[in-house]
Structures are given as C-alpha cells and as structure tokens.
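Please find below a note on the coordinates shown here.

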Number of protein chains: 4
Amino acid sequence: MNKPWNPHAAARPSPSDASDTDVRDAAIARFLKVRGQTEALARDLHPEDQTVQSMPDCSPTKWHLAHVSWFFETFLLVPHLPGYEVANADFAFLFNSYYEAAGPRHARFARGLITRPTVAEVADYRRHVTDAMTDLLAGADEETFARLAPLVEIGLNHEQQHQELILMDILNLFAANPLRPAYRPGRLAMTAEARPLAFIDYPGGIFEIGHAGEGFSYDNEGPRHEVLLRPFRLASRAVTNGEWLAFIADGGYRRPDLWLADGWARVKAGEYEAPLYWERHDGDWQAFTLNGLNPLDPAAPVVHVSYYEADAFARWAGKRLPTEAEWEVAARGLPVAGNFLDSGALRPLPAATDDLPAQMFGDVWEWTQSPYVAYPGYRPAPGALGEYNGKFMSSQMVLRGGCCATPEGHARATYRNFFYPHQRWAFSGLRLAEDA
Amino acid sequence: MNKPWNPHAAARPSPSDASDTDVRDAAIARFLKVRGQTEALARDLHPEDQTVQSMPDCSPTKWHLAHVSWFFETFLLVPHLPGYEVANADFAFLFNSYYEAAGPRHARFARGLITRPTVAEVADYRRHVTDAMTDLLAGADEETFARLAPLVEIGLNHEQQHQELILMDILNLFAANPLRPAYRPGRLAMTAEARPLAFIDYPGGIFEIGHAGEGFSYDNEGPRHEVLLRPFRLASRAVTNGEWLAFIADGGYRRPDLWLADGWARVKAGEYEAPLYWERHDGDWQAFTLNGLNPLDPAAPVVHVSYYEADAFARWAGKRLPTEAEWEVAARGLPVAGNFLDSGALRPLPAATDDLPAQMFGDVWEWTQSPYVAYPGYRPAPGALGEYNGKFMSSQMVLRGGCCATPEGHARATYRNFFYPHQRWAFSGLRLAEDA
Amino acid sequence: MNKPWNPHAAARPSPSDASDTDVRDAAIARFLKVRGQTEALARDLHPEDQTVQSMPDCSPTKWHLAHVSWFFETFLLVPHLPGYEVANADFAFLFNSYYEAAGPRHARFARGLITRPTVAEVADYRRHVTDAMTDLLAGADEETFARLAPLVEIGLNHEQQHQELILMDILNLFAANPLRPAYRPGRLAMTAEARPLAFIDYPGGIFEIGHAGEGFSYDNEGPRHEVLLRPFRLASRAVTNGEWLAFIADGGYRRPDLWLADGWARVKAGEYEAPLYWERHDGDWQAFTLNGLNPLDPAAPVVHVSYYEADAFARWAGKRLPTEAEWEVAARGLPVAGNFLDSGALRPLPAATDDLPAQMFGDVWEWTQSPYVAYPGYRPAPGALGEYNGKFMSSQMVLRGGCCATPEGHARATYRNFFYPHQRWAFSGLRLAEDA
Amino acid sequence: MNKPWNPHAAARPSPSDASDTDVRDAAIARFLKVRGQTEALARDLHPEDQTVQSMPDCSPTKWHLAHVSWFFETFLLVPHLPGYEVANADFAFLFNSYYEAAGPRHARFARGLITRPTVAEVADYRRHVTDAMTDLLAGADEETFARLAPLVEIGLNHEQQHQELILMDILNLFAANPLRPAYRPGRLAMTAEARPLAFIDYPGGIFEIGHAGEGFSYDNEGPRHEVLLRPFRLASRAVTNGEWLAFIADGGYRRPDLWLADGWARVKAGEYEAPLYWERHDGDWQAFTLNGLNPLDPAAPVVHVSYYEADAFARWAGKRLPTEAEWEVAARGLPVAGNFLDSGALRPLPAATDDLPAQMFGDVWEWTQSPYVAYPGYRPAPGALGEYNGKFMSSQMVLRGGCCATPEGHARATYRNFFYPHQRWAFSGLRLAEDA
Ligand SMILES: [Fe+3]
Ligand SMILES: [Fe+3]
Ligand SMILES: [Fe+3]
Ligand SMILES: [Fe+3]
C-alpha cells in the first residue's frame, strides 16, 4: 500500500561546510529521537489496542502515529522535497485531523473504523516519511534549511503533543475494558503525607506575559503583552487526592451552591461523581491509571477532573483558581523541571521539593480560570498552519504547566494548553489561588 | 386555584411622616408602572400564544408573567410580609426558574406543557402579588422599607429582563408558525442609505470599569476595578443588514478560514446560512420580525446573529470585535438613550444621529470578544439571589448596550448581558473594532 | 382569517322527492350530531389546553378539531361542491395529517407550535365546513348524493376516531402537569370484587373473518376470508387492576424471562414500571384518569399498558394473548354494547354482566398477538384515501373491541385498531387466552 | 490470561464399544470441522480487522470467535465436564451475547472497545474449548453422550450462524473504510442476461408447515401445524440488480405511494437511496462486496435491501412478497442446494438452473410478508437456551432460504431467519409472489 520512498529519486544538494553539517546532524538527530520516542510509546501495545477509538475525543494510537507523519508529509515533504511522492494518496484524507485548508478529511468520530492501513503498514508509512525527512534535512541548501527549520520544529512539537495524546487515549480505552488492562503494569508505592499546603504571595503590578525571543513557541503564546495584576497568592503545590476525598466526604458533588450551572447540570445527569477513572470497590476508592487499577495515593495530585469540578473544589475550599497570567508570572524564572513523561512514572507524584511553588511543571495540567482567547494583537499564521490554534479560541479554558505524560522539553512558562470545561481525559488537576 | 390576597390579614404599620410617604408613593408608582408594562406586552396575545414554548431556551409568555410574580412572592412577600399566604403552593414548583436554593422546580424544557394555571388564573396571581406588594411597600416601617427597597429594585429589574424575554420568545414562537403571525403588524418604512462607517480612536491606559456608587446594578457588574487597555478604535455604528448581505455574497458562510471551529461545525451542520429569521423568497431576503415578514432594511443593524457569525464577519471585514472593557470605556459618559422598547419600533433602526459613536445603547445587543467571567474580587450575593448571575460564568460571551426590546432605564454602560456563542434568538448584533 | 362560506355562491339543485328528502335529512342530522359531539368534548377545555402537544404521538385538541374539518373540505367539498372556496389556503398545509397524495404538510411533532389559528378561529373554520357540508348534502342530486354518502361516512368515522384521540391526548397532556388537572373531575366509586375469571371454550375449524356486506367498515377490515383456527379458550373478562397488582408484586417488571427482548430493553431503560399514569403515593398506587387522580379500582380493567407488558403479563399468568381471528370469532354475534364514550364514565369499569364473555366491546382496547398486516387480497382504496390504513401495516399490533373513549356505534367485531407495541397512551388493556 | 485446559484433570470414562466409537468419532470430526471452518473465515483478517465494531448491530470477528466458544463452555463444558475450569472467569461477562439467565454481560454496542483479550488470546481460548469439548465427547458414557449430542448440535448450528455474521459484519466494517479493502479481492465476471422471470402456480388448501421428525431444527420452526393457503404464484427466481435499476430509474425511491409509512420516513431522512453498499461513480452504480468494489451484475440477485424496500419494489411491480407459509410449501421437496458459503463465491450469483423455482436456497435471504411470531403452540425451551429465539418475536420479519454466506447444511425449508424491517446488512433480497 505504501510506496517505498526512494532517496535517489530526489535531488540532493551537498551541504556546504562543516559547521553547517553539525547543525544538520543535530537537527536530524533530534528529529529521529522524537520520532523514536513516539514509536516507543506504542511498542507494548498490540495491533488491537492501536486500532480502537474509545470516544470521539480520542483517536487510535495507529491514527496518531500516521497523522503526525502526514503532518511532515504535507507541510514539509510535498512542498519542499523535489520529487517526493506521497506514500499513499488516500492518507491525506484519512490522517488530516482538522486542517480545512489541507482538504477534506475522514470524520473524527469514525477514526476507529479504519482497520487498514494496519499497524504494520503505518510503521512502513512512518519509515517512508522519516527517511524522506532525513533526506530533506540532509540535502537542503543552507538557505532552504534555514527556512525549513522552524517548520520542522513545529512538526516535532506537534508530534510531542500527540505523544501525550497517545497516552491519554490509551488510558481511556483501557478504562473501557472490564479486564482493566494496564498500559505498564505496576503497583504504586504509597507515599508519606502530602507536604503542608502554603500560599505564596505575589505582588500586583503591570507584567509582561506571552512568548518572545528565542526558542520555539506556538502562535497562541504571543504576542507578548502587558497585563495588570492585583496582588495574589498561589498554593505551594497542587491539590491532592486526599484533599479531594475530603471534598467528596463533605458533599462536594451534592451541593449545587458550589457549582457553575453547566457543571451542576452534568452532576445531575450522573456524569460526575468523582474524578474520571476513580472506582469504588468495597467502599474504598481506587484509581485506574496507566499502571493499572491501584489504590489512591492521598499525597499525589488529583488528576482527571473537569474545569467544573476544579472550580467547585476551589469554591468549597474558599479559594479560587489562578488566572493564566498569575500562573505565568509565578512560573517564569522557575526551572522547567518536574515529573514529565521522561520520568517514566506515568502518573502524578506527590510534591517532593523544597523549592516553592512545587509542581508548577509536570505532574498535572493546572486548570486556570482563564477562557482560552487570543492575546491582544494575535494573528494566526497564514495558510493551513494558521488553523493549529486560533480557530479553537471559544468555549475552552486554559491549562498550564504540563503533566506526567508531557515529553520533557515540550513545556514552558508561556505554554497554553486548552480543553473544554467538561473534559477530563487529559491529565488535568488544579492549584488553588486567592486574592492577597 | 389562586387564593385571593386579603390585605386586612397582614399587619400594616403606618408610615411615619410625609416625606417618607412621598418616597413610598414613588416606589409604589414605579412598581405598578413596571408591572403594568409587562402586562401591556401580553395584551394583544391570545391565551394560545401565551402558553406554548417554541424551544427549550424560550418560555411561554404566561410562564414569564407568573415567574416574575413568584420572584416577588419568594424574595419579598414570604419573608417580609407578616401573614402573607402564597397564592398557590404549587406555583413555587412551576415558576421557579433556576434557583436551587429556593427548592425543586419544573423542568425548563417542559414549561410549555403547563396549560393550567390558565392565562386568566395567572392574571389573578399577578393581581394577588401586586396587591400584596403594594401593601408591603405601603405598610413597612421606615427601617424595613429601607431594607426592602434594594430587593424590590432587583425584582423590578428582573421583571424588565423578562419583558425583553417575552418579546424574544414570542418572536421565536411566531417564526415557527407557517402563517407567520405578526406580534404587531406593520410594514417597515425603508430608509435611506446607512451612515458611512467611521472608526473612532480611543487611547490606551489604565481605566476603571465596573459599577460603583449610586443606582441599581447587578452583582456581576462589580467590583469596579482597573483594566489595562491598548489604544483601539471603535466603529461609529453597528454593522448593517446591507453589510451582512455583502458578507453573504462574498461566501461568508462558505469559507472555513473565517470561522471558529465550533461555529464552522454548526455551519456544516446546516445551522447557520443567514441571520436567524431571514428567509429567502424568490431570491430576495426578507426578515421575520415582531412586525411580521418584511423586506430587509439595508441601513438597519443586522440582528439575530450568533457570536460565531459576528466573529466570522469581523474577520472577513479585517477587523475584530471589541472587548467589553473597550466598549464600556467608550460608552461611559454617553447618554443612555437610543432605540429601546419604549420607542415602540420593536426592531433595530438605522443610525440617525450625528453624535458618535451612534447606537451604543438600544437597537441591538453588541457581541464583544470577552467571555463572561467574574471581575476580580467578585463575590455573588449570599442566599438564593446569589444564583442570579454568578453560576452562569462559563462558556458564555458578554454583550453590551441593550436593544430595541430592552425597557428604557434598564440599560447602562456597565451592564453585562451574556449568551452562549451559538445563540441567536436575542436581539444580538455587533459593532466592529480594531487596534489603533 | 377564515373566509365565511357563502351558501348562495354554490349551485343548489333541489332534491327530487320526499323519500329522498328523508334520507338526506337523516344524513344531515347524523352529520351534525357527530360534529356536535366532537365540539362537546372540547367544551370544558380552555384555549390553553387545546393548543399544546404533550408528545409527538399526540396532537392538540385544536388540531384535531381542524384536521377533521380539513378532511371533509379536501375529500368532499373541494372536489364535489361547485364554487366552494377553502376557508384558508394555508390550512391544507397545517391540518393534513399524513396524506402524501394531498400535498405537503406541517411536521407532526410541531403541531403544538401553532398558536394561530386560535381556538375561536378553528371554531369558525368548523362552522364554515359544517355549513358547506350541509349545503352539499342538501343540494346534491340523487346520483351525486349516492356517490358522496360513503365518503361522508368515512369522514364521520374519521371524526369519531379523532374524538377518541382528543381524549387520549388530553389525558396525556394533563398527566404532564404537576397540578394534575382533571378533564372531568370526579371521585371514582370503588366497586366490589371483580367477577371470577373463567375461560370459555371455542372450537377449532375454518372460519370466515373480516367485513362483508352492509354497513360501514374501513378497507383494512377486508376482504372477508377464511382462517384456520385450532380450539381455544378465551377469558370471560379483561385483566383487572387487581390482577396487575399481583403481577407487580410478583416481580413482573423485574423478571427478564417474562419479556420480549424489545420490551425488556425498555424496562431496563426505566420506561415501564407500572401502567402509564399509575403513580405511587405513600406506598399506594393511584391512577391519573380523565376524572383526575384516583385510587385504583382493583376490579376495573387495567388500562394504558403496552403490548410488551400485556404479553409479559400473559406469560406470567401461564396464558397467552388471543389472535385477532380468535377474538373476532368470539365477538361476532355478540351485541356491540358496552362501556363506550356515551356512558360518560370516561374510564374502564368492572365487568357487570352475566353474558359471557364480558367486556368484549368497550372499556379497553384488547391487545391481540396479531401483527397488523394486510388480509389476503387486500387492496387499499385508490387515491389519497388509500393512505388511511394500508401504509401503516408494519411493526404494529392489532387491538380489538373499542374502549371507554370510543363513540358508540363506531366499534364492531371486525374493527382493527393498531398501535406500536411500545405505545401506551391509548386505552389499551388485555384479555387472556389459551389453547384448548 | 487463558488457563490451558488440562485434559488429565478431568475424569475420562472409556466409550464402551466399537459402533459407539464410530458415532463419537463422527461427532468429534463434525465438531472439529465446523470449528475449523469458523477459524478459516478469520484467516486473512488482520488483528486490527477482527477487533472493530462498525455499528451496534455488528460485532467484531474476535468477539464472534470467542462468543461461540463461550456458548460451548457455558452450555456443555461447565455443566457436563467434571473438573472443567473456565479459561477465564471474565469471559462469561465479555462473551455472553444476550442470555439473561446466564448472567450479566458487556453492553452490545461496546463490544468494539475490548482490545484484550487479543486475537491470539482468543485463539488460545478457542483451543482450550475445542480440546475440552473433544475430551467431553470422547469420554462421555453412552447415556451422557446421547443427552449431550443435541446440545452439541445446537452449539454447532449456533457457530454456523456466527460464521455468516462474521462475513456480514466484516463487509459492513470494510464498507466504512474509504480505502474499501476487499475481504477476498476479486473482479467479478459479468454474466449474460438474467433468466426470464416466470410465475409458478401453487394450489391452495390446508398444508402442514414447520419442522417435525429427524434432523436438527431450532425451536422456532415448530410445532408443525396446519395452515390454510389460497392458490398463489411464486416467481421463478429472485429479483435482480437489473430489475432494481429499473425500479430506481422509475422513481422507486421518490414515490411515497409505493412505501409503507415507516419506510418512507427513512427514505425522507436520507437513509435509503439504493441498496446498501451501492455507490454511484460517474453515473454508474457499483456495489461494494466481499470481493471489493465491483460493477453491478444486472443478472445477479439484488442484495442488502430492507423489508421496506422489498415491499415497495413488489408494490411497484404490481406483485407482493410471499408469506412464509407459501415459501415453505413451495420449497419443501426441493433439494437444499444452491450458492452457499461453501461455493466460495461470497456473493449472490445469477440463476443458472433449469429447475424451477430457482435460487430458493442460497444466494440471498428472501424477505417474506410474514411478521416473525410464534407458531401455534410454540413453547421456548426451558432455561437460558429458551432465550435463543422466542424473545425476539416482535417487530421483525421472516426471511427464508439462506444466502451466499450461509454454510452448506445449515439451511432447510423450515428455517426461519428474522430481521427488523429496516435492516440491510444481512444478505437480504426478495422473490415476488402474487395471488393466483
Ligand atoms: Fe495533530
Ligand atoms: Fe427570571
Ligand atoms: Fe386523521
Ligand atoms: Fe450467538
């Protein structure tokens, strides 16, 4: 089904000098590393696991593996590699996610009906694209390379986002199986007490937020601009499972006064009774995780809660959620370190640092009270890539900080993640804030 | 069904002196005036018209008439008028809209199934409540009167909101009838050209917005707080039907690049092809209005568009929607005058003023790009009335300025109306803005 | 809205002789009587009650009143009364129920959105049609009269069917109102014990069923044809509320082995827990009826059960439902007498006769085990009236005998009523049978 | 996951003598043959193909493979093989289809979410069951063997039914894939003209239908009983694609007068425009089949039509569908031979016989006009197996004769297949009939 990519068919200019070669080699090495990391995530999954879509929000592993390759094919190879032939002319239809400008595409909710190409054929497709990309990077003249490098960087960041999605979606799929298969079986070590909760003071004033300068960022992180903040205080760590149990015990899911109306409607419809993937067995709460079904760790951050639940919890606690600007002002300057995908834990861990605020990066995405809207002066990129972020700027809320399924190096203080307020299958938790 | 209110059953202290009497008389007069205005809206409707609910977002006229009375009964009469007996114990169930703290209530979508109490019985109920309220106001001692006055003011503002809703809902109902009955039949006089569109410059800086000081406001209008604005420009008038026709002619409803993803999904589902109530007859667009089916007036403001459509139009025009802070900064200081309900037009009219910006108040509610969220430091009122505004602060967008169905005196510069971005049955239009 | 019918505009031939005049007078009298009976049913309903549609299966009273008039207008007046002008050209769209051949029509589920024409205007429409029909009948020459008489008879039988529907639909509407208004308030007198249940033997053999000869019948009652029956036994009376209580007490709604799979799926979905309109108050079952909410009469026939429930009950009782042929063989020869609409009870009554089998006519429609299909050799009538019955011959079940809401004279042994097996808003009950 | 079946753990009596051994060997051979045939159907499918459920009516191949094994485990091994241990205690939940008496089960619509057990683990499960069944059959004493043999026969017939379902469901799945993968790729040879259509006369009278005597049958085929038939005529072959094209060309899908109301509602909703799996490419109809996308063969029987379409076609043709009794009377005495699964064609073929009526067995299941109801005196088997057929006796229609996906030996003249009238994913076609 996939036509093999024939490297000799493409014109291949030689790079001009040694230092340029180093840059290219580094670029190729990074490219191959990210591609390899994606494939490693699927290594222990059976073809059956990689094919099924558990709900419309999710996609099959196999689809993710192919889609990120289609992205490189569409935005790098087809326009920039002379002589490149697409692996399969039908793949643009099957593996375009939502880019209207890139043509018609298969319905999102029906991705799980596509058993062909098989997992093995998708692996061929990945190889085809990886090889061609290597050729493109190795063979581009200097000027071209400089022009392509940012696009490659978008492609790699895009692929990293889908690494996280693969894990979110597999967890959702396995949770739908009464056998409760574990992505990576393991019994969680229970930790000691959670660190005491403190609130850290931040002054008010005019601050700049948003991305500027060196380094990769998405278009929605800019333009950098001034915001006016009032003095505020931010919790020293994320809200824990233990604290969430107290919320439940205090009737948190039974008191309408704590909830936004849209959230309460979902509670009454039976949608929320506890965080997603929590199960009660013989009176004890357990959580289904990528490590399988495990007892709750009371000291670990609560995860898989909706915005509505996070907001209700904060109201119950007499606090509020931070704005995204407050969060960013507090986070910048901190090292972007924490419990990311690379730690291998695959679950949020109790705060274990004396550097406060803890857990700003990694562990759980933190719901903010900020709707996801454009920064002042925002302009989406021209062309299909302009659809990456901008067209989703309605009815969603911003989350910050990255999580235990986010690849190292993908997070930063200005990064704006976003989900609808009812969604819970992301590794979403919360950190409290209050007015100073 | 309704027990008549017996004024002699209630203790009735005498007001102490003359000036107090004037205040009370004024309060009673205003109370009776608003009540009468509501009833006048229903005067030309048949009992049949007042009973039906055309969609879950709408309510029957009869329900509105009763619900606003229940509001006075629940928040004023029961707690504050000694000896008061409710007209009918079942009405609290039938006519509570969404106040969880006020007890269980009839399902919103099923309001149209309630044929009893009849229109005549609801009129009895209104009289019962009006009489008792008059007694309460006339008879309260000075201290009590001072305490009740703000609650009465909320009740009257609440009733005014429902006056607008009665008109919105009747228009929606009549639009569902192939006979296209007119609420108030009339042939629209076609106007001359729309005024030329200009953009007015506003400087940036730190501004205070939100309500403070004298006069009624809802809790969501405060606290007054500082915002940081960048220089901006605001259109001199609302977008017109003529401009919207140009948008349609230019493929506005066929170009995904103009639309937010959620809006485009609705376009593809066939939900939006033109503003709500527009109909094409033999190639010409007509609009169904409270005056019946009429040719479009190209100079009049476009109305009954969703946020998604307003946003797409602005993108098409190379502009953007204003933020609610920009709008408020531009509006304050202007006289709160315009084409309100009291003009009797019952439809938006072409701008007819030399004072710019025109049409800031009245004609159409103007979509802003601001999600409806709490102002910094916002706290809802305690008790059931705290549910009035706060619990709706998710997934909705702010509209400003009032419309041709808003009663005079109900609008102000700080007033925050809000609807979901897909909704169109309000008298919603737009005004363009841009960065300076 | 309705143009008055001007009798002088139509050519009016004189009837030829006296005996013909008698026939015509009788026809006109019968016509006026049926029309008047329909109107009497609506007499105590408010305009509000007559306008609302409680579910898609139901229609507003007002719609029924107009639709049966449209039937006469369409099938009698327009084609046969020279010079007749329709009352309102839009009514054909609004009041055609399902006759594809008669042109496009308003969506069934949206009948309740049509507040205009009002109840008063529909009364005008009825008068317009009644007057014109009287003219038509009085003025037709003999040959025409003979040709029209069967059509008039269809129109009157059609109107009688809608009399029953008016009552079914009003009961459904009032049941949706928490105030539980009674169509005709009244406290039921509780009766003594139900008559003992006996089974009457019928021999097998070849029998003719279906209508033939004199008297009105619908096309679906023919052709008369032979059927082969095995000996069977039929219960002496309908199943009672008391027997149904025993079924419930014995876990009838909790035992899947008693149910057809489609029925059990509805039980599990929470759709059936007891007959429709039964309510449990403080542990006691009550039934909402046209007389209001009343205690159950254990001796009265159970009513408002689905086919699935009737079938499950029969299985629980170790019996079965009769086939329609068995029922008809048992019923023919019996007087068509019983508790019909004209008794005024408006509810099924305990069997009170020594003539067995009792309650074959009136009280409740009896579910048979026979799917509603065409008799051998069945051909629908040509033209739009051919849509009356034939096109519904799939997925429905036959019921026999008439009920307490069926007008006297409308029932007969060959009459085939039909509903979907899940439906319950008809006055549907059951009688047991078994193999001999 | 599957515990291997250890044959030595079970008591294993020796069969007593030689002739008994032959019977057992034959039984075991037949058992192994059917099991092998099932597995052969899945041989060319990838694990991905075997896992996905394309719609709620369908099941994954993997599920079918496991479910038929669960059937043997539940009804043969657990009750009758001493010491037998189930392969996996969770499988009863996952692989019970609809037997309420056999305990709770996984929701039908969610069968496609179960990626574990994998295809390989299901193969282990099948081996486990096959081995244990072989032991049971080989080791049972004579009396036990005689008692078990009918249950084994049910199990094998059940497995054969699922062989057909595997093919129906895979076709449906592959049809949802824009790549249109072929189950068994192949270009259809176009045939000559269809044989001329003739009508064969059958006399009326009293006939016995239903199964009796030797040989396997399902409970719903009995009791054998007398029916009264009028003289009728039956078409000499099935309706062809060519005839269906004429129906389409004559507006068959646009004329409401041809349709039952329930069917027409689906036409208007866009559900039916041509038989399922027909696609129009550049004006020409093609059909997606197990051999891939192929031009229509005008001489081959039309397949994948609903009852509503079959009924409309018959009305258009001025004929009718046969009753199931007519069909059975015509079919008995004919050899049960035709184009079954074993022919390898995997599609209906043009009639190619001079023996009339042709195609009574094989090619396509033929819709009859008979609702699927119990024969007089029918009693379902006791216990869970009583749920096999009886509880589905509502709202479905009977089809007769078997199809190109039915295994040889599974069809017979008394066999009653049944589907809902709207369903089309079975290999369903039709044969015309008329009154003589
Ligand atoms: Fe993507
Ligand atoms: Fe209200
Ligand atoms: Fe009718
Ligand atoms: Fe099965």
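1. Along the sequence, the donor residues of the iron ion (ligand 1) follow the spacing H-x90-H-x3-H. His67(A), His158(A) and His162(A) are its protein donors, each through NE2, and they lie 2.2 Å from the ion. Because His67(A) belongs to helix α2 (residues 61-80) of chain A and His158(A) to helix α5 (residues 142-175) of chain A, this pair ties together parts 91 residues apart in sequence. Donors are taken as N, O and S atoms within 2.8 Å of the metal (3.2 Å for Na, K and Ca), and since water is not among the atoms, sites may look incomplete. Helices (H or I, at least four residues) and strands (E, at least two) are DSSP runs, numbered from the N terminus.

2. The model is predicted: local features need pLDDT of at least 70, side-chain atom pairs count only at pLDDT 80 or more, and totals for chains, interfaces and linings use all residues. Residues are numbered from 1 along each chain as its sequence is written, chains are lettered from A and ligands numbered from 1 in the order in which they are written, and side-chain values use heavy atoms, with hydrogens and water left out.

3. Why are His158(C) and His162(C) separated by about one helical turn? The reason is that they are four residues apart in helix α5 (residues 142-175) of chain C. Both His158(C) and His162(C) are buried.

4. In chain D, His67(D), His158(D) and His162(D) coordinate the iron ion (ligand 4) through NE2, at 2.1 to 2.2 Å. Their spacing along the chain is H-x90-H-x3-H. Distant parts of the chain are linked by the pair His67(D), in helix α2 (residues 61-80) of chain D, and His162(D), in helix α5 (residues 142-175) of chain D, 95 residues apart. His67(D) is buried, at a relative accessible area of 1%, and His162(D) counts as buried at 9%.

5. The contact of chain D with chain A (heavy atoms within 4.5 Å) involves 32 residues of chain D and 32 residues of chain A. The size of an interface is often given as the accessible area lost when the parts come together. Between chain D and chain A the buried area is about 2400 Å², with carbon and sulfur atoms giving 67%. Glu48(D), Arg116(D) and Leu179(D) supply 30% of the area that chain D buries against chain A, more than any other three residues. Buried area is the accessible area (1.4 Å probe) that two parts lose on being put together, summed over both.

6. Two salt bridges are found across the interface of chain D and chain A, a salt bridge being a side-chain nitrogen of Lys or Arg within 4 Å of a carboxyl oxygen of Asp or Glu. In one of them, Arg116(D) pairs with Asp49(A), the closest N and O atoms being 2.7 Å apart. On the side of chain D that touches chain A, α3 (91-95), α4 (119-139) and α5 of chain D each supply at least two residues.

7. Between chain A and chain B, each chain brings residues to the contact: 29 residues from chain A and 29 residues from chain B. The area buried there is about 2100 Å², of which carbon and sulfur atoms give 55%. The count of salt bridges between chain A and chain B is two. One of these joins the side chains of Lys268(B) and Glu100(A) (3.6 Å, N to O). On the side of chain A that touches chain B, β3 (225-229), α7 (261-268) and β8 (365-371) of chain A each supply at least two residues. The largest share of that side, four residues, comes from α7(A).

8. Which residues of α7(A) are buried? They are Asp262(A), Gly263(A), Trp264(A) and Val267(A). What covers these buried residues includes α8 (307-316) of chain A. Just after α7(A), Gly270(A) takes a positive phi of about 85°.

Terms used:
Buried < 20%, exposed > 50% of the residue type's maximum accessible area, 1.4 Å probe, protein only.
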